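Here's a quick walk through a couple of spots worth a look. Have the viewer open as you read.

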Protein chains: 4
Amino acid sequence: MSDKLKEACGVFGVYNSEEDSSIGRTIFYGLYALQHRGQESAGIAVTSGEGINYHKEMGLVSEVFNDEILDRLTGRIGIGHVRYSTTEANTLINAQPLVVRYKQGFLAVAHNGNLVNASEIRSELEESGAVFQTEIDSEVMAFLIAKEHSGDIEKAVEICMEKIKGSYALVMMTEDALIGMRDPQGIRPLCLGKQNGSYILASESCALDTIDAEFIRDIEPGEIVIINKDGLKSIKKNRNNCRSSLCIFEFVYFARPDSTIDGSNVHMARWEAGRLLAKEHSVEADMVIGVPDSGTVSAMGYAEASGIPFGIGLIKNRYVGRTFIKANQSSRAIGVKIKLNAVKEVVQGKRLIMVDDSIVRGTTSGLIVNVLREAGAKEIHVRVSSPPVMHSCYFGIDTSTRKELIGAQRKIEEIRQHIGAESLGYLSLDGLIKATGLSRERFCSGCFSGTYPLAVPREGKRYVFEKR
Amino acid sequence: MSDKLKEACGVFGVYNSEEDSSIGRTIFYGLYALQHRGQESAGIAVTSGEGINYHKEMGLVSEVFNDEILDRLTGRIGIGHVRYSTTEANTLINAQPLVVRYKQGFLAVAHNGNLVNASEIRSELEESGAVFQTEIDSEVMAFLIAKEHSGDIEKAVEICMEKIKGSYALVMMTEDALIGMRDPQGIRPLCLGKQNGSYILASESCALDTIDAEFIRDIEPGEIVIINKDGLKSIKKNRNNCRSSLCIFEFVYFARPDSTIDGSNVHMARWEAGRLLAKEHSVEADMVIGVPDSGTVSAMGYAEASGIPFGIGLIKNRYVGRTFIKANQSSRAIGVKIKLNAVKEVVQGKRLIMVDDSIVRGTTSGLIVNVLREAGAKEIHVRVSSPPVMHSCYFGIDTSTRKELIGAQRKIEEIRQHIGAESLGYLSLDGLIKATGLSRERFCSGCFSGTYPLAVPREGKRYVFEKR
Amino acid sequence: MSDKLKEACGVFGVYNSEEDSSIGRTIFYGLYALQHRGQESAGIAVTSGEGINYHKEMGLVSEVFNDEILDRLTGRIGIGHVRYSTTEANTLINAQPLVVRYKQGFLAVAHNGNLVNASEIRSELEESGAVFQTEIDSEVMAFLIAKEHSGDIEKAVEICMEKIKGSYALVMMTEDALIGMRDPQGIRPLCLGKQNGSYILASESCALDTIDAEFIRDIEPGEIVIINKDGLKSIKKNRNNCRSSLCIFEFVYFARPDSTIDGSNVHMARWEAGRLLAKEHSVEADMVIGVPDSGTVSAMGYAEASGIPFGIGLIKNRYVGRTFIKANQSSRAIGVKIKLNAVKEVVQGKRLIMVDDSIVRGTTSGLIVNVLREAGAKEIHVRVSSPPVMHSCYFGIDTSTRKELIGAQRKIEEIRQHIGAESLGYLSLDGLIKATGLSRERFCSGCFSGTYPLAVPREGKRYVFEKR
Amino acid sequence: MSDKLKEACGVFGVYNSEEDSSIGRTIFYGLYALQHRGQESAGIAVTSGEGINYHKEMGLVSEVFNDEILDRLTGRIGIGHVRYSTTEANTLINAQPLVVRYKQGFLAVAHNGNLVNASEIRSELEESGAVFQTEIDSEVMAFLIAKEHSGDIEKAVEICMEKIKGSYALVMMTEDALIGMRDPQGIRPLCLGKQNGSYILASESCALDTIDAEFIRDIEPGEIVIINKDGLKSIKKNRNNCRSSLCIFEFVYFARPDSTIDGSNVHMARWEAGRLLAKEHSVEADMVIGVPDSGTVSAMGYAEASGIPFGIGLIKNRYVGRTFIKANQSSRAIGVKIKLNAVKEVVQGKRLIMVDDSIVRGTTSGLIVNVLREAGAKEIHVRVSSPPVMHSCYFGIDTSTRKELIGAQRKIEEIRQHIGAESLGYLSLDGLIKATGLSRERFCSGCFSGTYPLAVPREGKRYVFEKR
């Protein structure tokens, strides 16, 4: 229904030196702030040093938890997770955090990302006797650590990191430590904060703000942090092999604009992307509008750089939820009109520049152009503040197969005709990177360029657990 | 939790000349577009000319209906309702549309507004033998019409209108007609549209857009429209007593910006209000920001008129729902931070003008000022695009009692201190009215001025049905 | 699925002279004991003398109420209701007690039975201006009383009783009185009890036992009892027109065996019916078994009278619920086997007498005979402890139409062949009546005899409220 | 609330040689028949030879499944499980069947019983690298089999059986086989049936009857059956170490009366227990009554043997559910009266013999005696058709700790006084065994005698997974 890529997960962790009856609430608020990273299931696990107490269920954070449940989730250390998944059946079994018991005690794992060699490791582990109960990468990592853990968790985590390939921003909890890990490419974001002496790990800095924690720094690519009674210890083993390849789509669409990732603020990057888009694809027009919510900021940047006034030409219905009602036969366009409506008084008779953050399958852009046309817009020039999405992602984003990506299947002029715009312009990859203020080498832009920071499988073979 | 006034209801009606299997869906989409007018219960009633079929329940439109239910709601004529209410117990009994059977057949009634003489009429009707089962005004109106209806529905509706006092935008359905009524003061909005030969009535024009219907005109103050097999008949009996007193708060906060009410577009009025606010309360500053979502448009207008750049300094969490979790002890401010976060990179070191649409109880403005201050803002000048709310509303808005209205209890300088801003300025009533482009006489601005278009009760005595 | 007639309702009422915080629980327990009389909705209404507080919902008593709800239901006077209904749509609107407000205050009404002139009275009331919102008889009675009540509730209730025809065991509550009424034929049961100075009204005496109340007496046919601060007042206006016509099916199937109705214990009557059945339809056999649960007692009576040993040949699954799963294609008989299984060790090689309480549509008897046959029974002689059901009921029982009643459509020999039994014998009506120990004139046995205690409509025309 | 021991689980399995779209329904009906063995969660897993499809949830069988879910559960092989557990938190994770993937493919396991060396095996497995995710024994067994399985499932199952100690009636499914196992003591029942060429495994024979399957035989103590495309293969390795020690409580209370276990019908055994009880503890009286439902059959046997007439003195409310409402202060006895009521007409003035199947904690017997006393019983002689429960069970039954067992804490005369009976008699263990018709050596009667068929842990140490 929506023409957006989908982020897979958000993670959050807390380490207190003393028992904290409100640790469940702290994690709850953190997950609330990360809700945009996953809306299918949510979970929290806590420990007071002996056993692990947890609750996870399908649904939004606000649906999964209530006061009664949060009151039970007390402890010293805790982690939380929000998840989006493409699997349909029995999904609760795949919800996170994953909690396991092994020879050294308990382990709870919450993961954002995607391992590209998970199947291989599973096979190896199976060969050596492992028995799996879920389909999630957290299980692979928990098993690796359990296997290698003979007293020294640090060592076990290091060995785990050596074996796994792919993207992972991970928070993990033993009975006495909170552990954070970011893959050597730093594909998924993970940052560190402090709140009254407690350490916090979070996918995005906006979650730190929500709980009034202070942002300390990003976890570095390939870094492991172990937080326990001795304080925080940072481990960076193969510094030479670590090269930041942050997912550039975090700046395009995924991350919350109030987050700052690896030193670059998301909102500022989007604004700047709009400015650069204006320079790359200028056009004579009366007004710049954004496709709410994600296109608005770049539209403002475009307006600023072009000198063409910004206007609010499209209004989004704030109550559009997850319920899906079959469309009325009488009107094919109703689907998009439930969500977006034009402000006639603003757009009629105008030559518009309509800015969106990305076009993935190209299913809705044409409908929106049509809504504006019906409302009286004279010309509609579509501008996209990122390049065409042309390749699949193997690192935790639900891109469609290449066949569904309109950028992979059609030329830009064909896309323009498809959506019925007077003109169409995409921001160049150089422009997008420049907007972030970071260097090109810092990013994975595989979905735009087809060049990935590490070898990817030929086809996205999934680890099959259940028949479907 | 939120410092906003609350609208009470939204209404919607459809008249087809032939049986329509998708009439339930049409009404569903209409209510979806009006969801902002009431989030507590939703209902749809339809008829094919014999008996009435309906479904109503507590919850959002998307929660109350599903495909199975909508498939059953087929017919020629139908009405729908969304509701917000302050009553807690047994609220389903008070959900609308109200469906009754009387000597002439069936009647379904959906009402937005508040009758000021409902208690008196109930007493009179009780004297003549009426038996009531709910607390809602729809029941009063249904009973009046039933009482007067001896064959001529037109006459009955007219007599009803003569008796009732207060605000009402009403849609009503008999087995062969759709009826719309707007009170002689036109306090609540109601408009007429057409979609492929079907007539539509809706609280706001945005609902017409959503279903691809054409806007025809607003129902006039004191007008009755009866739509049946003979077409649409408009009745305006006491034209002399009708004087538009449209609720000005529809422009301030209630209505969706893409709606046009009585000829004035809501979005344009809010933008203009911002422009006029800039003129009334100019101040030297580096940036204008809005409190999302409702303060954003006026902030843009302010920026345009003042020449000070507009920026996005506050980000709203899109997933804040209706679940209420008790606050974490460790931080009083978390309540507001769950909803709003500052973009540090945007606001730090800046002298800000923060524009909001209204201040009612004054509970959150101070917290937001603080969020900005913590994010590094140097100065925060609060500007409100409407006057101080100083008086109760008797016409369908959930204003607090005067005791709770900060505008009624404190002087502006005291409010400024209370919220901790460098300066505070409210748009004048003249300014607000001017922004709408309509004349002063057209509005009820009782909540600002204390002057009401018709006599109001001394105190807001409620019709008590149940002990609570 | 089940081949049993269905009772429509159970009622319960309490009058305390002082406020009682546990009155909700007392009514809850009373309804729990009456649950067999209606499993579709349940409701409780209470008053402390000012307004009425109530809760009603679809579901079993244990599903509708919880501690939180019961804690709110405090007061001096209260009534409760359990209901079975045949209407599908919007049934909550038809749940009881019905609570209304009229010129004299509030009224809550809970009814068991069926008025045969409800449509006529509704028409009359509609003529005089009444507006109806439900389809239930309680509404008719509430409206009649409201209409006639001009200060003297006693008078109003009397007039109501004069107008209505049909069956009614009614409990009603005003803000200061608990009122009970039983129709002049006393078709439905209603009894009076006392518990620590509180008066109790209940459909059956088992509800008094459950709350440790003392049974005082049955309410007499045509009697009104008004319980208020002056104590209990009994009114019997037209003593001459009152003639007990108690529904004999209460003894056959509806009532709980631990109840005593109009002086006759239900369990004892069923046992005796079995004894008389043995005399009327003796047969040589090895064992008498009952169809659980309702046929068991009569089977024991049959065994005692015949000298043939009683055995448990059929076991009922205690967990068969209301969920309906479509049957497995592979076996048509599974439907009955889910509920009933034979004990092979008991029945094999035996000549059995299988006793059931009634045969209505004849859908399951054949299946049960088959289960026994497969388990090795040599002969199966079916005995029914009541006569063939041949006529519809108009007084509150959900009999099928005559077309569906196997007793109305087929001769006994045909029925025997249909169910595949070696022999079939029904208890005579004389026998059934004799078993109760009461005189023939005391009963309505319309479903067996076609003779009703008062005129019945030609066909069971329903008051149509909604299209379905 | 109830004074009964609780069975832990029921298992069911089906092997078809061809794909069967109704296999889910067959298992559903089987579980329905076994519902009395576990009411907390239910699950079904099926396979068509590739991957495993499953659904499990908290609740009764009828609540967990619906037509939509069952339609998806198609395949050739399938197993099902119903469970009762004492753990409160996160119980879904512990629901069965447990489905795992390991080097050889998939495994689904459903278990009834309790391993006494589960903790030891878990520790061993953990030492060799196993990672656990649940607290259930099924996980231990699945892991053992996975560990030993290198191509020959038969061998792996045998090794598993050698390692585990305790009680287990197990059904297991690989992608091409259905496997059944019963522990060498045969403590929990398991039987084999056939239905149109399909093999069935079930905890009790009543489940075979429900689906119209033919009973073939009981699985023998220590037997493994492997059913695959080559037919059924039975393995009995250590025949010498296998000695039947069937749980005698299956005959006292757990099993459904229509089941036949190891050659003895449960109903017949209970009847005979009553007969022997009459001989062991005769007393002069007027009537024998049973405590429904479980005491009824033995009461009938007692009546038959003693010549004292049987009567129905207590009626059970069929609608008592799982909802718990706090008791009314006014009456302590209401708890039991909600469930059981005396039939005054039957018991008053009588000297009664009241037969129950067992007394565990002694919480309700006294209340029932009181109910009978209040109803007018002159004397109440309590007879129990099993010996005093004096010892804990370690094989899958939820016995209380010894401290709570009234039989362990008080002498019989003290118990008599405690419950307020005129006399009290328990059936001897010899009598109970004799009633089953099987030899003493065939049974585990540890809860009565303290002698167990294999070494038991000193105290019931639980495998701790979560802190609670």
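## A strand with both faces covered

In this predicted model, strand 2 of chain C has buried residues whichever way they point. Ser41(C), Gly43(C), Ala45(C) and Thr47(C) face one way, with Ala42(C), Ile44(C) and Val46(C) facing the other. That makes seven buried out of seven for residues 41–47, so the strand is largely enclosed by the rest of the structure.

## Its partners in chain C

Who does strand 2 of chain C pair with? Strand 3 (residues 53–58) of chain C runs antiparallel to it, and six bridges join the two. Ala42(C), for instance, has Glu57(C) as its bridge partner in strand 3. These two strands make a hairpin with five residues between them, and Gly49(C) in the turn takes a positive phi of about 115 degrees.

Strand 2 of chain C also pairs with strand 4 (residues 75–83) of chain C, again in the antiparallel sense, over seven bridges. Here Val46(C) sits opposite Gly78(C).

## Two domains in chain A

Over in chain A, there's a split into domain 1 (9–245) and domain 2 (265–318 + 333–438). Their C-alpha centres are 35 Å apart.

Where the domains touch, nine residues of domain 1 are in contact with four residues of domain 2. On the domain 1 side, strand 6 (105–115) and strand 7 (166–173) of chain A each give two or more residues, and strand 6 has the largest share, with three. By class, that side has six polar, two nonpolar and one charged residues.

Notes. Residues are numbered from 1 along each chain as its sequence is written. Chains are lettered from A and ligands numbered from 1 in the order in which they are written. This is a predicted model: local features need pLDDT of at least 70, side-chain atom pairs count only at pLDDT 80 or more; totals for chains, interfaces and linings use all residues. Domain bounds come from an automatic or database domain assignment. Two residues are in contact if their C-beta atoms, placed from the backbone, lie within 7 Å. Helices (H or I, at least four residues) and strands (E, at least two) are DSSP runs, numbered from the N terminus. Ala, Val, Leu, Ile, Met, Phe, Trp, Tyr, Cys and Pro count as nonpolar, Asp, Glu, Lys and Arg as charged, and the others, Gly among them, as polar. A residue is buried if 20 or more other C-beta atoms lie within 10 Å of its own, exposed if 12 or fewer, and partly exposed in between; C-beta atoms are placed from the backbone. Two strands pair if DSSP finds at least two bridges between them.
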